[in-house]
Amino acid sequence: MTGAAGFIGSHTCVDLLTAGYRVIGVDDFSNSSPHAIERIREVVGPDVAGNLDFVELDVRDGAALGKLLGGGGRGGGPVYAVVHFAARKAVGESVRMPVEYYDTNVNATLRLIEAMREHGVRRLIFSSSCSVHGNADSLPIPEEAPARPTNPYARTKWICEQILSDLCVAEPDWRVIALRYFNPVGAHPSGLLGEDPRGIPNNVMPYLQQVAVGRLAELSVFGSDYPTPDGTGIRDYIHVVDLAEGHRAAMEHLDDQTGYRVYNLGTGTGTSVLQLVAAFSEAVGRPLPYRIVGRRPGDVAELVADPRRAAEELGWRTKRGLADMCRDAWEFQRRNPGGYDGVAG
Ligand code: NAD
Ligand code: WQD
């Protein structure tokens, strides 16, 4: 599992370990803390923690990847599949640093494919994003809706999807599943694992979490003049533990067929920014301060998944609602006000 110390990787690691998988996690900690690996071990408990190996490496380093895959899994057994989370993910930063985004997101995926091919590993689960669609023509968004990425980050994801699809045509023994996540939020219910971005959060939920513990003064609500019922943007927020379970479902269905497949992971339900602020305030037990400001450039009014394909083919459905997402996110932030590394407010 690449990017195992990150937000979605750490939760998926817990889910897979708990389900009995052995996991070799890799990460370079460029956007995460080594404490996340300790927390994964703490959440799963001592009996299972031994099934997690961790190697610090940069996924752009093909030789290091080759050495790892060549060494086999724990005890020298073969690696069954790779889950590839590692990437840079900030849309605004990708506009300023496109080369770094293409290098980390696209080149690293190519190095990974080469290393997997060299060592006979041909099952891959890839982290894609609803942002490959850009402005959707109609809602909810099915997988076959046109891809029209509007920023370098989203383009890296769409390029990787096309590389993987082409690979599966040329080499038909590969089994690749791309999962397009909508807006992952929340935390593990233990309060031990959660979203801990470096610097000022770009995304609304971690921003609200930091407002709630006083690290940030108030949320800026970007625009109240969208064509939505309350005028603020609507998104399909999905609990990160539901998302983790989606990866396990994909893992369990990898062998259903060869080739390339893509699935949306979302709830199918939209929530506005003001509804999210109200739900999070409810979880915290007091109103959180916010101010309505102008629109953020590049934002769209509404993005909601059509998650039916994942339900039909993977047997996966979300089980957790907005109140669960807010409760668990708050529990993590309350217990870790300064994040994993205890950053001062
Ligand atoms: P994250 O930043 O928390 O996790 C990514 C992890 O990858 C981090 O731990 C980081 O240190 C690591 N990493 C980055 N570059 C690396 C490199 N060169 N070598 C090794 N490790 C490296 O992000 P996340 O939210 O957990 O996202 C995981 C994946 O899901 C990413 O591919 C992201 O693009 C995708 N995704 C995320 C969202 C979202 O909103 N969080 C939505 C759609 C898709
Ligand atoms: C959600 C809503 C904002 C911050 C991004 C990526 C996407 C995917 C998920 C990776 C919007 C509003 C936000 C704030 C606000 N990531 N907002 N104040 O933009 O839907 O999606 O993350 O693949 O690719 O683009 O998520 O959390 O930034 O915004 O009012 O301080 O909250 O306008 O309506 P977004 P977000």
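Reader: How do the residues lining the largest cavity divide by class?
Author: They divide into 3 nonpolar, 4 polar and 1 charged. Ala, Val, Leu, Ile, Met, Phe, Trp, Tyr, Cys and Pro count as nonpolar, Asp, Glu, Lys and Arg as charged, and the others, Gly among them, as polar. This is a predicted model, where local features need pLDDT of at least 70, side-chain atom pairs count only at pLDDT 80 or more, and totals for chains, interfaces and linings use all residues. Residues are numbered from 1 along each chain as its sequence is written, chains are lettered from A and ligands numbered from 1 in the order in which they are written, and side-chain values use heavy atoms, with hydrogens and water left out.

Reader: Which residues line that cavity?
Author: H84, A86, A87, T104, N105, T109, F126 and K157. On a 1 Å grid over the protein atoms alone, a cavity is a set of points where a 1.4 Å probe fits but cannot get out, and lining residues have an atom within 4 Å of a point.

Reader: Which element gives the largest share of the lining?
Author: Helix 6 (residues 98–118), with 3 residues. Helices (H or I, at least four residues) and strands (E, at least two) are DSSP runs, numbered from the N terminus.

Reader: Now ligand 1. Which residues come nearest?
Author: D27, N31, S32, F85 and Y153, of the 28 residues around ligand 1. A residue counts as near if one of its heavy atoms lies within 4 Å.

Reader: What about polar contacts, say for Y153?
Author: For ligand 1, that term covers a pair of N or O atoms within 3.5 Å. A polar side-chain atom of Y153 lies 2.7 Å from an oxygen atom of ligand 1. On the backbone side, an N or O atom of I8 is 2.8 Å from a ligand oxygen atom, and a polar backbone atom of V59 is 2.9 Å from a ligand nitrogen atom.

Reader: How much of the ligand does the protein cover?
Author: 95% of the 820 Å² of accessible area that ligand 1 has on its own, by the Shrake-Rupley method with a 1.4 Å probe.

Reader: Backbone next. Which residues does the cis peptide bond join?
Author: L139 and P140, with omega about -5°. P140 is in the loop between strand 4 and helix 7.

Reader: And F29, what is its phi?
Author: About 60°, positive although F29 is not a glycine. Most residues other than glycine have a negative phi.

Reader: Is F29 buried or exposed?
Author: Buried, because its relative accessibility is 13% and the cut-off is under 20%.

Conventions. On a 1 Å grid over the protein atoms alone, a cavity is a set of points where a 1.4 Å probe fits but cannot get out, and a pocket is an open set with protein on both sides within 12 Å along at least five of seven lines; lining residues have an atom within 4 Å of a point. A polar contact is a pair of N or O atoms within 3.5 Å; within protein, one must be able to donate a hydrogen and the other to accept it, and residues adjacent in sequence count only if both atoms are side-chain atoms. Buried means under 20% relative accessible area, exposed over 50%, partly exposed in between (1.4 Å probe, protein chains only).
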